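This report describes the architecture of one protein model together with its ligand.

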Amino acid sequence: MSITKEQVISALSKVDDPDLHKDLVTLNMVKEVAVEGSNVKATIELTTPACPMKDKIEEDCITAIKNEIPSVENVEINMTASVPGHLNNQKDAILPGVKNTIAVASGKGGVGKSTVAVNLAVALAKLGAKVGLIDADIYGPSIPLMLGINEKPKVYQDTATQKMVPLENFGIKLMSIGFLIDDNQPVIWRGPMASGALKQFMSDVNWGELDYLIYDMPPGTGDIQLTLVQTIPLTGAVIVTTPQDVSLIDARKGLKMFERVNVPVFGIIENMSYFIAPDTGKRYDIFGHGGGENLAKELEVAFLGGIPIDPRIREGGDKGKPIVFDLPDSDNSKVISEISKNLAAQVSINNINSSQQKVEIDLGDN
Ligand SMILES: Nc1ncnc2c1ncn2[C@@H]1O[C@H](COP(=O)(O)OP(=O)(O)OP(=O)(O)O)[C@@H](O)[C@H]1O
Ligand SMILES: [Mg+2]
């Protein structure tokens, strides 16, 4: 008896996406099935190239097909990805082509937001996603330096679209509030001015197609931050904290601010979590231990991971070469890459859940 495509699809309907809690057929992830004699090929389309479960899903597909159809000899799974967009009319109107927008925020300053935003962006791009980064820090735009852009670039306009063209470096597109202001002129930002600048970044910049557009936010939870958060049509936010109480208290405030404006929080990242002495390998919990994880539990959001203190992370920022790019095989680049995958998974989970809610509402209207 020859093997049929239906048998293969039936086998794949027994494989669940562990994050999305549904099977691959229901999730419409099975894109192609080909059978040649006893060889089976299938293409699985994930919701992000940064899927943390990619290898597991591939293995599960192979196991399911072999178990369900014993006559199969070879299975080849081609893993692809297409990031679904967050459904939001406001976003689609001003950022067409941008599928998801993510704010990287913190309550307290200096916790490593910009460092984390840059490295997450580069890590997602390295995994195959199309990524943009907006430096929205009106108090001290630092992203250009962290990405090795030492002078204010000439932002030029595309003659066809009359829009500004973002810079590109390390595989990500970039715009910074620093490009718009004179370095030597102190700027006192007020809410409307800051949100005006951000609006310009969204409506006057040709971002093209992006899976994730990340915003490095100014620290704090005051009026300006609230105005900015309301200006950007956000898919969700990430809160960066360090393990100390002072930082955690502010992180809690940050989370509440997003809640107030109905922006989902994808999770908490604990930065400067611990230090591993390079000579002895001994771990030191310099700022305490477990704070970020406990806060995530308390506030019922995901803990996306902890990034240790590593002089090479700071050096990467100072010399304009993010560690995930410069030292991709280092332990901490891998840590950051895992966090970027956890974030991408949360974005997918959020989008699947909100599109289901929409379907349910639509059905209810009938
Ligand atoms: N994990 C880390 N290990 C070592 N140094 C780090 C780490 N994370 C951040 N730093 C360093 O800490 C300093 C502050 O980081 P960063 O500028 O990213 O913080 P921030 O939260 O964006 O600050 P601000 O609130 O001023 O915008 C920088 O010098 C950076 O290189
Ligand atoms: Mg910063």
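## Overall fold

The structure is a predicted model. Its secondary structure comprises 12 helices and 14 strands. The radius of gyration is 22 Å, close to the 21 Å that the globule rule gives for 366 residues, so the protein is as compact as a globular protein of that length. The C-alpha trace spans about 80 × 60 × 40 Å along the principal axes.

Of the 366 residues in the protein, 45% are buried.

## Domain organisation

The protein is divided into domain 1, covering residues 5–81, and domain 2, covering residues 89–345. Their C-alpha centres lie 34 Å apart. At the boundary between them, 7 residues of domain 1 are in contact with 10 residues of domain 2. The side of domain 1 that touches domain 2 consists of 5 nonpolar residues, 1 polar residue and 1 charged residue.

Pro52 is located in the loop between strand E4 (39–46) and helix H2 (54–68). Leaving aside residues up to four places away in sequence, Pro52 touches Glu338, Lys341, Asn342 and Ala345. With 18 other C-beta atoms within 10 Å, Pro52 is partly exposed.

## The ligand shell

Ligand 1 is surrounded by 20 residues, of which the closest are Gly109, Gly112, Lys113, Ser114 and Thr115. The elements that give two or more residues to this shell are helix H4 (113–126), strand E12 (265–276), strand E14 (303–309) and helix H10 (311–318). By residue class, the shell around ligand 1 divides into 10 polar, 6 nonpolar and 4 charged residues.

Which residues of H10 are buried? They are Ile313, Gly316 and Gly317. These residues cover an arc of only 100 degrees around the axis, which puts them on the same side of H10. An α-helix has 3.6 residues a turn, so residues three or four places apart point the same way. On the other side of H10, Pro311 and Asp318 are exposed. Just after H10, Gly320 takes a positive phi of about 75 degrees.

In helix H7 (residues 223–231), the buried residues are Gln225, Leu228, Val229 and Thr231. Viewed down the axis of H7, these residues fall within an arc of 160 degrees, so they line one face of the helix. The elements against which the buried residues of H7 pack are strand E6 (98–105), helix H6 (191–203) and helix H8 (245–260).

## Ile77 in strand E5

Ile77 belongs to strand E5 (residues 74–81). Is Ile77 buried or partly exposed? It counts as partly exposed because it has 17 C-beta neighbours inside 10 Å, whereas a buried residue requires 20 or more.

Apart from residues up to four places away in sequence, Ile77 touches Ala42, Ile44, Glu58, Cys61 and Ile62. The C-alpha atoms of Ile77 and Glu32 are separated by 9.8 Å, although these residues are 45 residues apart along the chain.

## Loop residues with positive phi

His21 lies in the loop between strand E1 (16–17) and strand E2 (22–23). Its phi is near 55 degrees, a positive value in a residue other than glycine. With 10 C-beta neighbours inside 10 Å, His21 counts as exposed.

Asn28 is found in the loop between E2 and strand E3 (30–36). Although Asn28 is not a glycine, it has a positive phi of about 60 degrees. Asn28 is exposed, with 9 other C-beta atoms within 10 Å.

How values were computed. Residues are numbered from 1 along each chain as its sequence is written. Chains are lettered from A and ligands numbered from 1 in the order in which they are written. This is a predicted model: local features need pLDDT of at least 70, side-chain atom pairs count only at pLDDT 80 or more; totals for chains, interfaces and linings use all residues. A residue is near a molecule or strand if its C-beta atom, placed from the backbone, lies within 6 Å of it. Helices (H or I, at least four residues) and strands (E, at least two) are DSSP runs, numbered from the N terminus. Ala, Val, Leu, Ile, Met, Phe, Trp, Tyr, Cys and Pro count as nonpolar, Asp, Glu, Lys and Arg as charged, and the others, Gly among them, as polar. Domain bounds come from an automatic or database domain assignment. Two residues are in contact if their C-beta atoms, placed from the backbone, lie within 7 Å. The radius of gyration is taken over C-alpha atoms; the globule rule is 2.2 Å times the number of residues to the power 0.38. A residue is buried if 20 or more other C-beta atoms lie within 10 Å of its own, exposed if 12 or fewer, and partly exposed in between; C-beta atoms are placed from the backbone. The arc is that of the directions from the helix axis to the C-beta atoms.
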